Amino acid sequence: MAIFIVIMSDPYVLGKTKQIFELVDEPGYVLVQSKDQITAGNAVRKDQMEGKAAIANKTTSCVFKLLQDAGFKTAFVRQHSETAFVASRCEMIPIEWVCRRIATGSFLKRNPGVKEGYRFTPLKMEMFFKDDANNDPQWSEEQLLAAGFELAGLTIGRCEVDIMSKSTVAIFEVLEKAWATQDCTLVDMKIEFGVNVTTKEIVLADVIDNDSWRLWPAGDRSQQKDKQVYRDLKEVTPEAMQMVKRNFEWVAERVKLLLESQAKGRVVVLMGSTSDVAHCEKIRKACGSYGIPCHLRVTSAHKGPDETLRIKAEYEGDGIPTIFVAVAGRSNGLGPVMSGNTAYPVINCPPITPDWGAQDIWSSLRMPSGLGCSTVLSPEAAAQFAAQILGLNDHLVWLKLRASMLNTWISLKQADKKLQECSL
């Protein structure tokens with residue numbers, strides 16, 4: 001086990017449930033130290049809960065690792081100890097972004113007439129200005145834009161607000177998908193963003209622990225495992241606090257399971273000739289970006305159909321979800337033969353040549369009746385298509401797809417902002 005020794009300054013943030021220290025020997029980084037305190041109602045109610053710091057830190061570290069592995073930009077760097085983690089230093093944007101799937105809690109008080117349990121599709125998103133003295137008032141996008149916050153040299157304008165809004169929805173969706181693998185409904189959650197003082201990028205920051213969301217196992221509110229149990233206590237007794245602690249421990253144990261694949265699949269690329277290796281390697285590399293194992297095999301359905309079917313049977317016999325990608329130039333026999341002899345998905349990805357490509361492609365597009373293989377020309381797109389199929393049952397693959405969609409959108413948004421600035 002690696003041991004990290006850090007030299008800390010005095011805490012420059014003293015929060016209700018955490019302290020933040022600058023790391024003197026690591027400029028640009030901070031130590032986020034959790035506390036054993038639990039609060040509700042802007043600390044109107046607060047109590048000590050022995051072991052909460054370790055539980056909260058364990059939960060946050062697992063959640064941020066899950067999000068980072070998927071491809072989201074966060075401030076989290078590494079878990080430092082049982083009760084603390086290291087993060088990039090950020091100037092925090094004083095807004096809590098709240099995303100809701102199910103109507104409950106304060107939303108019902110602010111929106112009389114809406115029944116508890118109403119399901120938001122699309123997700124309902126709200127924002128609240130962090131102001132304890134005024135009980136964190138709800139803000140509109142217009143108020144946030146009018147505030148003109150400037151943090152770490154970045155002005156929070158239209159582009160930045162849109163990025164945080166889109167990111168909030170994507171982060172909720174991936175955590176909702178992950179918790180569904182544990183038969184647990186993510187009802188709502190709150191997150192915060194900061195501006196990384198080094199990169200000047202907006203990143204997910206602060207913490208995500210059992211104070212941050214509502215979780216209902218099997219969608220049943222009576223089984224809730226989040227901080228709402230503490231908020232609902234009529235009287236804080238040692239027995240009641242033990243119950244709250246058990247709920248927090250339940251979440252911390254199960255959040256580790258979110259990092260584990262539930263149905264690991266694979267892609268098997270069949271090429272008609274080793275001359276297609278470069279094309280196939282692009283597929284394998286793209287599969288790797290989604291965390292999908294990819295096997296390359298050489299076989300010809302025209303010259304050795306018996307061997308092609310033997311290879312097919314080899315991958316059908318172990319029960320692992322498999323997608324076959326047929327890579328064959330000239331006359332594509334691989335895809336149709338595979339499609340006619342397996343119930344697994346088959347994707348044609350022929351390497352098109354400039355001389356006969358326009359004619360060769362028809363052997364992949366015009367299939368006999370009863371065959372269902374699709375055709376995707378780009379090797380990267382073929383891998384993405386395979387990931388979308390496997391992602392239906394493997395949440396870790398789906399998370400990477402969802403994060404990739406967000407990151408593509410953010411890149412376009414930032415490129416447009418840069419172009420507009422140059423035009424001005």
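## Two loop residues with positive phi

Arg330 sits in the loop between strand S19 (322–327) and helix H9 (334–339). Helices (H or I, at least four residues) and strands (E, at least two) are DSSP runs here, numbered from the N terminus. Arg330 isn't a glycine, yet its phi is positive, at about 55 degrees. With 71% relative accessibility, Arg330 counts as exposed; the cut-offs are under 20% relative accessible area for buried, over 50% for exposed, and partly exposed in between (1.4 Å probe, protein chains only).

Lys200 also has a positive phi without being a glycine, near 65 degrees. You'll find Lys200 in the loop between S14 and strand S15 (202–205). Its relative accessible area is 43%, so Lys200 is partly exposed.

## What you're looking at

This is a predicted model, where local features need pLDDT of at least 70 and side-chain atom pairs count only at pLDDT 80 or more, while totals for chains, interfaces and linings use all residues. Residues are numbered from 1 along each chain as its sequence is written, and side-chain values use heavy atoms, with hydrogens and water left out.

The protein chain has 13 helices and 21 strands. Its C-alpha atoms fill a box of roughly 75 × 60 × 55 Å, taken along the principal axes. Of its 424 residues, 48% count as buried. Take the contacts (heavy atoms within 4.5 Å) with a separation of 6 or more: 64% of them are between residues 24 or more positions apart.

Asn196 belongs to strand S14 (residues 184–196). Its relative accessible area is 8%, so Asn196 is buried. Which residues does Asn196 contact, leaving aside neighbours within four places in sequence? They are Ser88, Arg89, Cys90 and Glu201. Glu91 is 105 residues from Asn196 in sequence, but 6.7 Å away in space, C-alpha to C-alpha. The Asn196 side chain also reaches the backbone nitrogen of Thr199 at 3.1 Å.

Thr74 lies in the loop between H1 and strand S6 (76–79), and it is buried at 10% relative accessibility. Its side chain makes a polar contact of 2.9 Å with the side chain of Gln68. A polar contact is a pair of N or O atoms within 3.5 Å; within protein, one must be able to donate a hydrogen and the other to accept it, and residues adjacent in sequence count only if both atoms are side-chain atoms. The side chain of Thr74 reaches the backbone nitrogen of Phe76 too, at 3.2 Å.

Helix H6 (residues 238–255) has 18 residues and reaches 26 Å from its first C-alpha to its last, close to the 26 Å expected. That expected span is 1.5 Å times one less than the number of residues. Ala252 is part of H6, and at 3% relative accessibility Ala252 counts as buried. Leaving aside neighbours within four places in sequence, Ala252 contacts Ile55, Lys58 and Thr59.

At the start of H13, a side-chain oxygen of Asp394 comes within 3.1 Å of the backbone nitrogen of Leu396. The buried residues of H13, among them Leu399, Leu406 and Ile410, pack against helix H1 (52–70), helix H4 (158–180), helix H7 (277–289) and helix H12 (379–390).

## Cores

A nonpolar core is a set of buried Ala, Val, Leu, Ile, Met, Phe, Trp, Tyr and Cys residues joined through side-chain atoms within 4.5 Å. The largest one has 62 residues, and Ile156, Leu175 and Trp213 touch the most other members. H4 supplies the largest share of this core, eleven residues. Not counting residues up to four places away in sequence, Ile156 touches Ile93, Phe149, Leu151, Val161, Met164, Val195 and Ile202. There's also a second, separate core of 23 residues, including Ile323, Ile347, Ala386 and Leu390.

## A cis bond

One last stop: the peptide bond from Thr121 to Pro122 is cis, with omega near 5 degrees. Pro122 is in strand S10 (residues 119–129).
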